[in-house]
Amino acid sequence: MTAKIRVLEKSVSEKIAAGEVVENPASVVKELLENSIDAGATSIAIEIENGGKTLIRVTDNGEGIDREDVRTAFRRHATSKISNIEDLDRIVSLGFRGEALASIAAVSMVRMVTKPRNSLEGTVYEMHGGQEVMFEEVGCPGGTSIEVKELFYNTPARKEYLRSSSHEGSLISDIITRLALARTGISFRLTNNGKMVINTPGNGELRDTIVSIYGREIGENLVKVSCSREGIGIDGFVSKPHITRSNRGYQSIFVNGRYIKNRMVTQAIEDSYRTMLMVNRYPVAVLNIVLDPCLVDVNVHPAKLQVRFKDENLVKGAIYDCIKTCMEKGRWISSVASFGRPAGGQARQDVTIKSWSDNNITKEKIQPEHGNNCLKEERVEYNRIELDNIIKDNDNNIPELRIVGQLLNTYIAAEGDGCVYLIDQHAAHERVMYEMMTLQFENNGINSQRLLDPIVIELSHYEAEIIKENLEVIRKTGFELEEFGVNSIAVRSVPVFFGIPETKEFINDLITEYTTGNRRKGYRLKSEEVIGMACKKAVKANQRLSMQEMEGLIAQLRKAKMPYTCPHGRPVIITLSKYELEKMFKRVQ
Ligand code: ADP
Ligand code: MG
């Protein structure tokens, strides 16, 4: 039999991004798991002690290693996965550098027990600090078990850099989580100091794998994503908009099954949820991006975490479109009953939705009224906002509603399809205005009106400078500002629905946004952020609405692309089913 594992020619090994693969116990686990996966294992057990610092044992049921290949496997640049430079461009296996076993064996005590499935005898091989101490025949099951003890025992300086056992252990469970999500056909079991921490079913079902790792609550609130755009496939699950986390730790992105980190991809995901999430909240996402291996370079980072896409915009566009379409199709109305749960509501998607005859829109257009600073009016005329000409018909998602009345000057009470609905009138109005402004912005520009008397706002020198720098972005959103003397600005025009009292406050809010919080100095707000702020300001609190105004508002809302949240991610509409009501009144059990 010819040897399967060969040492790469120098000319090939030199082309592979160089770097130390063994940094900490987690990187050892990662390399060993990738080898098990490449070996076709369907079941992998990982045992660690003290965060992997004293023991890591990975046991798989993969193809095993022939005795004659065992020693070679531990040589530097020895691999069975590629042999020439051309192979580098179409890598499908996870490993290909032929460095891991050699690097791990150099800095620990390694013992490998391995047997190809159909060999009679297996091999046990041991190395201490890169030196062979045992090479023997042994009876063992098919597959490979590698034990790595006392990592960095012979390189005390590196050992010192290891963090606490719990920290190192959490890095390991993180790595296993990503791999388990990428390889749903493999069962992964992690035990830490004898305690089972991860146990995935390995049944090929991503949803089941997600549930086994993140629990039921997330599992029940996932939206399946499965689509392809221009040869790029996007598959996986993202969370419904109300299931979010305070960091991006629950996002796992894979490219052709390989876990990667990529700022552009994360951004595309978050953009596709734009205006549906509260500040500093992040969706859960497990997505595999499938594309021709030629269109992605995985050989740019020693741990193979970073990838470079040949056409970033194509990938970005595909992710954005796919998730956004799913979001716009869904019906994300939280049920009142779900608010008792720790992580918020549960969306309903199971109701048959009747089509809604549209006869409530008032097509009256606001004419700029010159001469009287027409915006003094305190009440916002909801039904005057002209949305219907520009927003595409999208009215299957909010059911036909019969408005019952207004509660606390803040909520619209309605019923439809056997449920009670409560609508936050301000959040709804904000959403309607936001979509209208955004559409105008994207089409012909935002309708603004010139004020007869400009509003002059005095600022500090610093504030005035910030505003001056951003005049253009602000102007595009319907606010025409001019320098006025040294440290003042004059507001000449505002969007048609905007009022004078809020203009000053709006400018102050803008300055705060530009100068504080997470924003670094000199940060430029995007137009959509300015629009979001303007809408928020334009909405008035506590106001009585007539029946006609409420109907107008709901009609507008039904035309919005994303009617379920205000542009800042707060819910617009919640529901209470008849059954939930009956339960509360003890009419049913
Ligand atoms: P690479 O994975 O980059 O090829 P490694 O040093 O990680 O390099 O492994 C060297 C070789 O050892 C692999 O190419 C593979 O043939 C063999 N090998 C390592 N681990 C396993 C395993 N768990 N099962 C079967 N073969 C393995
Ligand atoms: Mg490897």
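**Cores, rings and sheets**

Reply: Gladly! Let's start with the largest nonpolar core, which has 54 residues, with I234 and I289 making the most contacts inside it. Helix α10 (residues 312-329) gives the largest share of this core, seven residues. Please keep in mind that this is a predicted model.

Me: What makes this core lie between domain 2 (215-329) and domain 3 (331-336 + 380-589)?

Reply: Both domains give residues to the core, so it lies between them. I289 shows the packing from one residue's point of view: leaving out residues up to four places away in sequence, it touches I232, G233, I234, I253, F254, V255, N256, V265, V315 and I319. There is also a second, separate core of 42 residues, and A41, A73, V148 and I176 are among its members.

Me: Why is the pair of F479 and F506 called stacked?

Reply: The ring centres are 4.4 Å apart and the planes are at 20 degrees. Centres must lie within 6.5 Å to pair, and planes under 30 degrees apart count as stacked, so F479 and F506 are a stacked pair. A search of the whole structure finds seven aromatic pairs.

Me: Where in the chain do F479 and F506 sit?

Reply: F479 is in the loop between α13 (471-476) and β25 (480-483), while F506 is in helix α14 (residues 500-515). They are 27 residues apart, and the pair links distant parts of the chain.

Me: How do you know whether F479 is buried or exposed?

Reply: The relative accessible area of F479 is 0%. Buried means under 20%, so F479 is buried.

Me: What makes F498 and F506 an edge-to-face pair?

Reply: Here the centres are 5.6 Å apart and the planes are at 70 degrees. Planes over 60 degrees apart count as edge-to-face, so the pair of F498 and F506 gets that name. F498 is buried, as is F506.

Me: How do you know that the charged end of R71 sits over the ring of F135?

Reply: The charged end of R71 is 3.9 Å from the centre of the F135 ring, and the distance limit is within 6 Å, together with an angle limit of 35 degrees from the ring normal. R71 is listed as sitting over that ring. F135 also forms one aromatic cluster with F74 and Y125. Elsewhere, R245 lies over the face of Y250, at 5.3 Å from the ring centre.

Me: What makes β23 (residues 419-424) and β27 (residues 573-577) a pair?

Reply: They are joined antiparallel over five bridges, and at least two are needed. V420 has L576 in β27 as its bridge partner.

Me: How many bridges join β2 (residues 43-49) to β3 (residues 55-60)?

Reply: Six bridges join these antiparallel strands, and I44 stands opposite D60 in β3. Their hairpin has five residues between the strands, and N50 there takes a positive phi near 50 degrees. β3 also pairs with strand β8 (residues 143-149), again in the antiparallel sense over six bridges, with V58 opposite I146 in β8.

Conventions:
Residues numbered from 1 in each chain as written. Chains lettered and ligands numbered in written order. Predicted model: local features only at pLDDT ≥ 70, side-chain atom pairs only at ≥ 80, totals over all residues. Heavy atoms only, no water. Core = buried A, V, L, I, M, F, W, Y, C linked by side-chain atoms within 4.5 Å. Buried < 20%, exposed > 50% of the residue type's maximum accessible area, 1.4 Å probe, protein only. Helix = DSSP H or I, 4+ residues; strand = E, 2+ residues; numbered from the N terminus. Domains from an automatic or database assignment. Contact = heavy atoms within 4.5 Å. Phe/Tyr/Trp six-rings, centres within 6.5 Å; stacked < 30°, edge-to-face > 60°.
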